[in-house]
Amino acid sequence: MRYAMAIDTKKCVGCSDCVVACQVENNVPIGHCRDWVVEATSGTYPDLSLEIRSERCNHCTNAPCVRCCPTEASHIVDGGIVVVDHNECIGCKACIESCPYDARFIHPKGSVDKCTFCIHRVEKGENPACVSVCPTKCMYFGDTDDPNSEISKLLKKRKWKTLIPEAGTKPNIYYLT
Amino acid sequence: MSKSLNRRDFIKISSLGLGGLAVANPIFDWLGGSMNSGESLQETIKRIPTYCEVCFWKCAGWTHLNEKGDIWKLTGNDNDPHCNGRLCPRGTGGVGMYYDEDRLKTPLMRTVINGKQTYREASWDEAFDFIARKMKKIADEHGPECIALFSHGSGGKHFGRMLKAFGSSNITAPSYAQCRGPREVGFFATFGEGIGSPERVDIRDTDCLVLIGSHIGENMHNGQVQEMSDAIDKDATIITVDPRFSTAASKSKHWLPIKPATDMALLLSWIHVIINNEWYDKKYIDKYAFGLDELKEHVKSYTPEWAYGITTIKPNVIRKTAKEMANAAPSVIIHPGRHVTWYGDDTQRLRAVAILNALLGSWGRRGGFYNPEKKKVAKLDIPKFPKPSKTWRDAFPDQYKLAGLALASGICDATIPAADRDCSFKAWIVNGTNLISTLPNQANTIEAIQNLDLMVVIDTMPMEITGYADVVLPECTYLERYDNLRISGHREPTIALRAPAAEPKYNSKSAWWIAKELADRLGLNDYFPFETEDQELDWQLKKVGSSLEEMKKIGLKKFERKYDDLYPLEGLPEYEFNTNTGKIELYSTAMEDEGYDPLPKFTAHEEPPTDFYRLIYGRAPMHTFSRTANNPNLTDLMDENKVWVNPKVAKEWGLINNQEVWLENQDGVVTSFPIKVRVTERIRWDSVYMIHGFGHTDKRLSRAYGKGASDAELITQTKIDPVMGGTGMRVNFVTFLTEEPTKGAA
């Protein structure tokens with residue numbers, strides 16, 4: 001079982017619904033976010049292209065945040081989801097430094113916070129809040145170990161990339177291009 | 001009647017120490033472990049149906065209550081064709097509207113203390129008695145027709161009922177003359193039907209979608225954004241015409257970076273190419289259309305080469321894109337857009353859009369324009385409304401003859417007394433629309449307000465317009481009230497219920513209750529025969545075979561279509577259009593009869609002077625006009641606008657990213673606040689772009705005050721559409737001030 005997300009950059013309009021849905025679902029305090037939207041423009045007028053990406057923790061298979069955590073607060077659970085046990089977290093920020101995706105932040109309460117793939121929803125068989133709300137249906141969540149899952153099929157059919165693959169983290173967020 | 005010049009000083013309520021400090025807000029709370037492994041999270045204990053009021057797409061959804069019984073989150077109703085279970089960012093962030101601690105909290109009345117105008121808190125009774133007394137006096141002296149209602153949103157229905165019962169039909173919304181009016185008139189003149197909302201465009205099933213200045217994706221009308229995504233999935237061709245590389249442009253096979261204000265030339269040239277190459281749908285046109293010969297003759301000279309010189313779009317691109325449309329026809333949509341009041345010849349431009357659709361045979365066909373159906377719901381059993389002896393139209397004899405609805409800008413103008421006009425408005429009731437930001441030419445709006453005997457503003461937030469009121473009434477948000485059923489036309493007819501998920505916060509009340517209480521004091525109780533809103537809804541629901549009880553469980557009810565005519569022109573059946581000729585009028589006899597051009601013509605529009613740039617404004621997906629600018633969840637996504645500047649222009653002016661500048665328009669009007677520069681290739685060098693709805697000047701809006709700049713301040717010029725009175729607003733030009741202008745300087 002390997003949970004992953006594929007995000008279709010051809011459909012994403014960067015509306016940030018994923019951001020606000022996550023914030024409300026997970027009580028992320030105003031001023032912080034577990035996911036965010038990046039817009040990258042290239043070219044010169046009028047030969048332009050624009051890539052819009054909804055970004056978050058990559059739930060890396062080779063997660064530097066987990067390796068560097070001195071208290072094992074950052075750990076990997078079933079399905080490969082990287083989570084933080086905030087009772088164990090001492091707020092040392094080593095994981096924040098180690099994350100190439102800048103996916104973690106210090107919650108005002110003191111411990112580190114980040115995307116959980118909405119594990120509480122996934123356990124109930126629901127999609128993460130961001131995926132379930134997305135108006136363009138550009139986000140797909142599923143098990144890449146299952147060749148028959150929608151996400152596996154998409155990754156077979158479509159071109160995709162991951163972010164900063166050279167970091168060797170084996171990220172589990174795929175961008176369909 | 002004596003009247004001091006500044007009887008309506010703008011009152012800053014922040015100085016009054018009204019209301020409380022920020023109230024504890026569950027969404028700001030740390031709930032002791034919402035974050036990661038093994039922690040407790042909020043759970044939905046109960047959900048109550050609603051439909052969204054953050055914009056006017058009105059998606060049906062659910063308000064979720066958590067264990068504490070507090071409003072937690074909002075989700076879409078899976079069965080709703082407006083949203084298909086997915087709310088947009090604004091709808092998802094609608095909780096912020098409820099929790100916003102800057103909300104209006106209690107009725108306020110204008111008073112003078114020590115020679116200074118201010119507001120004092122008032123009871124509802126006192127406020128109602130004052131308003132009713134004033135309304136009766138105005139009716140006695142000038143007639144009830146001199147009272148106008150400006151509204152945008154659900155409350156308008158209730159206040160409209162009250163005002164119609166009182167004897168005035170002057171009920172208006174800026175969504176007509178400041179937004180989509182020209183397209184309704186342009187399409188009506190052609191097909192005998194308008195477009196409506198949600199737009200009847202079959203984007204889901206189209207093979208080719210053409211967007212002209214329409215920025216779906218940034219304009220977040222939910223169902224349309226969803227369907228555009230479906231169309232992308234199906235490899236539909238998207239063609240976008242925009243001086244800005246919009247999000248939609250970035251999804252397009254063809255982006256035509258047109259010179260602003262020249263769209264008509266492109267449209268006429270496309271028509272020319274399609275007719276001259278005989279790429280139009282001959283059978284469809286032969287059977288249904290009137291005036292092909294006249295049109296053919298009319299567009300003879302509008303060649304792609306002619307259009308190139310005007311639009312800067314190369315002739316081969318014009319031909320190629322015309323061919324793409326023809327190849328896809330009839331599964332093609334030249335999208336009519338929504339906010340189309342640009343240059344004053346907007347009805348004519350939308351006529352050209354309608355004609356192009358007609359030539360391609362897309363009206364009434366799959367992948368083009370479908371025929372929406374609405375559920376008929378019984379009207380309330382109330383007395384007939386009295387017939388007003390005059391309307392806003394009397395102020396504009398022989399003008400705007402095809403206006404289908406009242407003009408907000410027209411009523412505003414007709415409030416300023418003029419020698420040649422006997423009908424001047426004496427009272428405004430304003431609900432849910434911040435006219436200071438909504439109407440063009442703020443100075444004119446404020447002058448009109450100074451001439452009123454009564455101004456009542458009903459809102460949830462202390463928007464700028466509330467500062468000009470005699471009485472401010474706090475209405476509760478949509479999450480705290482019932483409203484009329486949402487009865488919408490779509491592929492399938494649906495009705496949706498809005499029910500309260502919480503008691504109204506503070507001393508706010510529902511719009512229905514406010515309207516009913518006012519009606520009671522005006523002796524119009526017969527028009528509100530039910531004691532409460534839920535009784536009224538239950539009566540109505542039982543007439544359509546449902547009930548309030550059932551609707552509270554399902555939120556939305558779908559009905560079978562009564563007629564099997566979703567695509568009425570598939571197979572080319574006999575069909576009579578609601579036009580003078582009974583045909584699709586390529587040549588409009590209705591326009592001709594009223595003295596307007598029966599065929600759309602190209603008119604050159606004014607160009608920016610040296611060192612000035614055309615001001616183009618638009619929408620961000622997480623905001624609705626200026627009404628969301630203080631929403632805690634949505635300002636967290638975007639709390640200010642920026643002015644988009646092409647790198648060449650930035651270089652010329654020495655501007656860098658995030659540098660603060662003030663914008664000054666052609667009339668010397670400067671923005672109240674600075675705006676940050678966004679240097680980007682995504683905008684043409686002859687234009688600048690900014691998101692509408694920022695730069696709030698009212699300090700009571702603690703998150704929105706002074707954030708970004710207001711495009712509305714800069715829109716001092718308009719070009720009025722002679723056909724229907726729309727206010728073309730893309731006719732303003734701005735330049736940059738890199739130093740803060742001294743107060744009082746132009």
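Predicted model: local features only at pLDDT ≥ 70, side-chain atom pairs only at ≥ 80, totals over all residues.
**Domain contact in chain B**
- Domain 1 of chain B brings 19 residues to the contact, and domain 2 of chain B brings 23 residues.
- On the side of domain 1 of chain B that touches domain 2 of chain B, there are 8 nonpolar, 6 polar and 5 charged residues.

**Cis peptide bonds**
- Most peptide bonds are trans.
- Tyr45(A) and Pro46(A) are joined by a cis peptide bond, with omega about 0 degrees.
- Pro46(A) sits in the loop between strand 2 (35-44) and strand 3 (47-56) of chain A.
- Ser197(B) and Pro198(B) are also linked by a cis peptide bond, here with omega about -5 degrees.
- Pro198(B) lies in the loop between helix 5 (174-191) and strand 8 (208-212) of chain B.

- Most residues other than glycine have a negative phi.
- Glu278(B), not a glycine, has a positive phi of about 55 degrees, and belongs to the loop between helix 8 (263-276) and helix 9 (282-288) of chain B.
- Glu278(B) is exposed, as 8 other C-beta atoms lie within 10 Å.
- Asp398(B), not a glycine either, has a positive phi of about 60 degrees, and is placed in the loop between helix 13 (346-359) and helix 14 (408-413) of chain B.
- Asp398(B) counts as exposed too, with 7 C-beta neighbours inside 10 Å.

Methods
Residues numbered from 1 in each chain as written. Chains lettered and ligands numbered in written order. Contact = placed C-beta atoms within 7 Å. Nonpolar A, V, L, I, M, F, W, Y, C, P; charged D, E, K, R; others polar. Helix = DSSP H or I, 4+ residues; strand = E, 2+ residues; numbered from the N terminus. Buried ≥ 20, exposed ≤ 12 C-beta atoms within 10 Å, placed from the backbone.
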